[in-house]
Amino acid sequence: MLKKFILISILFAHLGCLDEKQQAEKILSNYISKKVDLIRNYSMESSTALWNATVSGSENDYRKFINIELEFNKSNQNSSKLFEPDRFISITQNVFTNEQDFQMLKTLKFSGLITDTLLNRQLNVLYQAFMGSQIEAEKYKELMMNEIKLWQAFSVLKITIDGKKYGSRQVDSIRRYTIDASLLKVISDSLQHEGKALAPDIIKMVKDRNDFANHFGYSDFYRMTLESKDQTPEEVADMLHKIEVKTHDQYFEAKRVVDNLLAKRFKIKPGELQHWFYNDEQTSYLPEKFKLQMDSLFADIDPIKKTAQFFSGIGMPIQDVIDNSDLKASPKKPNINAMINVDFKNDIRLIGNIQPTYDGMGQMLHLGGHASQYKSISDNVPYLLKTPNYMLSEGVARYFESLASDINWLKSEVSIDDKKQKQLILVCQHLHQVDRLFRCRRLLVMADFEREIYRDPVQNLDSLWADLNARYLGFQFPERKNECYWAANRFATSLSCTNQNLVLADVFAAQLQHYIETTVIKKANGVYAGNKDVGAYLYENIYRYGNLLPWQEIIEKATGEQLNTAYFVDYLIDDEVDTEN
């Protein structure tokens, strides 16, 4: 308490007769003005390095990206050099590492004197940014290197089948098309083997992150992460539980249908199905003839051009972003679809492996959703508050992605005769109800596992994984300790506390789609093509704010109500919407 009082006294001494609140806000405002350009430079340099590493896939470029992060967090030197995108040395090394700056921000944060909304939100962003470098340099480096090691391990994972090594794209293709059950077992066993090797490092990462969170007064890393994003674990758990309950019966009905199809495909009884027979959350359960039917819609369409035309038509042009991107399909490219924000509307880049298929169209619309949002953030929003809330941003992108299977959008954008239209309505319903049910329930497993491993990383994680999969998916995993099936997943190598936001993003996407289709495009008879009202609505109610407002306020402003699970559940179970949460 004495230390805090002395620091406040020093901070306020030179500001004379201003009251404490005015003094505190003046100090913070001046500090932000001095640091924001340095922060922007660091962000641009780091993002450019990440782009180069992602496009090239070379270990050398990844090492350059890693070195930026490590150098940035170990030096106390300032630099006034201009930003050069291709020079991989950090020029802003003193932004988040100065302990006196951190103590000042900590004092201001907990003083209760910063009541200006804009300043307070920027203070929270700065405080969180400083936290990472306030632990011992060697501990920070060890934590970061372990995270990178795990991320790279799954990124370059190869699986050996009959003496031949296969990458992730090839493995996905095998799983999608094979009728040989033994191949699926080989893949599962190989992933489990890798999981056993990675599990100790994953548990260590969780413990280290929890120690880091404890250092700042949080019970664990999961709570710290959620609370930094205007969420609480209790609120999130309550909403996920509601989704689980409302989708439970419909999911297990859909699973019975899928079980019969899989049993027929592999010539076994439904009761003989094991967890390795089921698709991952990215792969459709559509019968092959329906997959081909959906793909045929886009066989003569370039999803990249179509996306550019669509967004231009709704008043959200993104051609400049596409021109600055790497999207053409190539067998040598990694199976990555991502947006890298270098400098908002000045420099946004997309990377993808986009093919003229249904999946390619959905992926491109998803990327276009991200690009249109980041391009449209108002210049009046302070730099520290430009980056949109992750859940909202992903929800917008998921909304646009879903249009690839939305009959209203398809009628506007793709040539469909009346006979084919009736068939497609049934296919699209399947996509909404079966595939999204499986995706949703898988994400619920991951979200619960993520929360629980941070709560207690030394518990029997195999038993936890088996229980969650049985409860949410009806998949049977062994409960014996050290089986480590839980570690044989890409999500387990990051455990970034985002899975709950992927579920909530789907909830928001459904709510957004319902509002747009019943309000915004209703007066145009449901037509999307060339409807600039869609772009105007998104800009005015969501895009322009960035992270200026809490995500709850933006959702209520955009849709007239708080985040509501009813629309998402309705898309999944095809019942009348119950507007009660």
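**Where does α2 bend by about 40 degrees?**

Helix α2 bends by about 40 degrees at K35. A bend here is the angle between axes fitted to the seven residues ending at a residue and the seven starting there.

## Basis of the model

The structure is a predicted model: local features need pLDDT of at least 70, side-chain atom pairs count only at pLDDT 80 or more, and totals for chains, interfaces and linings use all residues. Residues are numbered from 1 along each chain as its sequence is written, and side-chain values use heavy atoms, with hydrogens and water left out.

## Overall make-up

The protein holds 22 helices and five strands. Helices (H or I, at least four residues) and strands (E, at least two) are DSSP runs, numbered from the N terminus. Of its 581 residues, 54% count as buried. Buried means under 20% relative accessible area, exposed over 50%, and partly exposed in between (1.4 Å probe, protein chains only).

Contact means heavy atoms within 4.5 Å. Take the contacts between residues at least 6 apart in sequence: 72% of them join residues at least 24 apart. K246 sits in helix α10 (residues 233-266). Its relative accessible area is 31%, so K246 is partly exposed.

## Helix α2

Helix α2 covers residues 20-56, 37 residues in total. The expected span of a helix is 1.5 Å times one less than its number of residues.

At the start, a side-chain oxygen of D19 comes within 3.2 Å of the backbone nitrogen of K21. This is a polar contact: a pair of N or O atoms within 3.5 Å, where, within protein, one must be able to donate a hydrogen and the other to accept it, and residues adjacent in sequence count only if both atoms are side-chain atoms. After the helix comes G57, with a positive phi near 70 degrees.

## Helix α12

Helix α12 (residues 303-313) is mostly covered, with eight of its 11 residues buried. The buried set is P303, I304, K306, T307, A308, F310, F311 and G313. An α-helix has 3.6 residues a turn, so residues three or four places apart point the same way.

At the start of α12, a side-chain oxygen of D302 reaches to within 2.9 Å of the backbone nitrogen of I304. G315 follows the helix, and its phi is positive, near 85 degrees.

Why does β5 count as largely enclosed by the rest of the structure? Seven of its seven residues are buried, so the strand is largely enclosed. Both faces are covered. On one side lie I348, L350, G352 and I354; on the other lie R349, I351 and N353.

Strands pair if DSSP finds at least two bridges between them. β4 and β5 pair in the antiparallel sense over four bridges. M339 has L350 as its bridge partner, and I340 has R349. Strand β3 (residues 326-328) pairs with β5 in the parallel sense over two bridges. There, D326 stands opposite I351.

β4 and β5 form a hairpin with six residues between them. F344 lies in that loop, between β4 (338-341) and β5 (348-354). F344 is not a glycine, yet its phi is positive, about 50 degrees. At 7% relative accessible area, F344 is buried.

## Loop residue T178

T178 is in the loop between α7 (168-177) and α8 (181-215). Is T178 buried or exposed? With 11% relative accessibility, T178 counts as buried.

A polar atom of the T178 side chain lies 3.0 Å from the backbone nitrogen of D180. Leaving out residues up to four places away in sequence, T178 touches L183, L184, R265 and F266.

## Cysteines

How many disulfides does a search of the whole structure find? The search finds zero. A disulfide is a pair of cysteine sulfur atoms within 2.5 Å.

C440 is buried, at 1% relative accessible area. C497 is buried too, at 2%. C484 has 6% and is also buried. C484 is located in the loop between α18 (461-472) and α19 (499-520). Although C484 is not a glycine, its phi is positive, about 65 degrees.
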